[in-house]
Amino acid sequence: MAPKATVVKVELQVSDMDRHYYASHALTLAQHPSETDLRLLVRLIAFALFADERLEFGRGLSDEDEPALWRRDYTDAIEQWIELGQPDESRLRKAAGRSREVIVVGYGGNAAEMWWTRNAATLARLSNLTVLDLDTAELEDALPLLTRGARLTAMIQDGELQLMDAERSVSLHPRVRQTGTPR
């Protein structure tokens, strides 16, 4: 964990009907001092969308050689490399060469839209790259769900994510901008 990081523990129950994945995860997220609550929420949402017993959080902001999340096989080969926001195109090219599959979970409204417009043609050449975009208003609605010691349920069906706690439920509709094929 980064020095002076805020530790957020989340118990996440994932029911992904699209992938037939059902599991409970006790997560510990270290929020770097420069990481916003919104980015921390996006990390949690990315985990829910791609949940797997081997998916783990990278060192993220404190280590530029690691993604926000990744899944490695038993030989330590990178199966899935997950970036958040609007990563540099050269970083994605490098990740595409090192990993079987690369995923970008974008957010940020107009900034994300401008990033996509500027990079779409170049990124289309990366056949193992998938790009999703999360709606800012939906993220803002979901932000109150992220608390220290949160107990959340993520239900995924037909590409829609329902994120809920004991009192609230928020629907998120990730927009698919590009679909890659794992190599």
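Start with a network of salt bridges: Glu113, Asp133, Arg175 and Arg177 are linked in it. Keep in mind that this is a predicted model. Side chains of opposite charge can pair when their charged atoms come close.

How many salt bridges does a search of the whole structure find? The count is 13. I'll take a few of them.

Buried or exposed? Arginine 151 counts as exposed because its relative accessibility is 59%, and the cut-off is over 50%. Glutamate 11 has a relative accessible area of 37%, so it is partly exposed.

Next, glutamate 35 and arginine 43. Here the side chains meet in a salt bridge of 2.9 Å, N to O. Glutamate 35 is buried, at 6% relative accessible area. Arginine 43 is buried too, and its value is also 6%.

Then glutamate 79 and arginine 71. That salt bridge is 2.4 Å, N to O. Arginine 71 has 14% relative accessibility, so it counts as buried; the limit is under 20%.

Now arginine 72. This residue belongs to strand S4, residues 69–72. Its relative accessible area is 19%, so arginine 72 falls under the 20% limit and is buried. What does its side chain join? A polar contact of 3.0 Å links the side chains of arginine 72 and glutamate 56. Setting aside neighbours within four places in sequence, arginine 72 is in contact with Arg54, Glu56, Ala77, Ile78 and Glu79.

Last stop, the hairpin. Strands S1 and S2 form it, with 4 residues between them. Look at the turn: histidine 20 has a positive phi of about 55°. The pairing of S1 and S2 is antiparallel, over 11 bridges. Which residue stands opposite leucine 27 in S2? Valine 10 does.

And the faces of S2? In a regular strand the side chains alternate between the two faces of the sheet. Strand S2, residues 21–31, has a covered face made of Tyr21, Ala23, His25, Leu27, Leu29 and Gln31. The uncovered face has Tyr22, Ser24, Ala26, Thr28 and Ala30.

Conventions: Residues numbered from 1 in each chain as written. Predicted model: local features only at pLDDT ≥ 70, side-chain atom pairs only at ≥ 80, totals over all residues. Heavy atoms only, no water. Salt bridge = Lys/Arg side-chain N within 4 Å of Asp/Glu carboxyl O. Buried < 20%, exposed > 50% of the residue type's maximum accessible area, 1.4 Å probe, protein only. Helix = DSSP H or I, 4+ residues; strand = E, 2+ residues; numbered from the N terminus. Pairing = 2+ DSSP bridges. Polar contact = N/O pair within 3.5 Å; in protein donor to acceptor, adjacent residues only side chain to side chain. Contact = heavy atoms within 4.5 Å.
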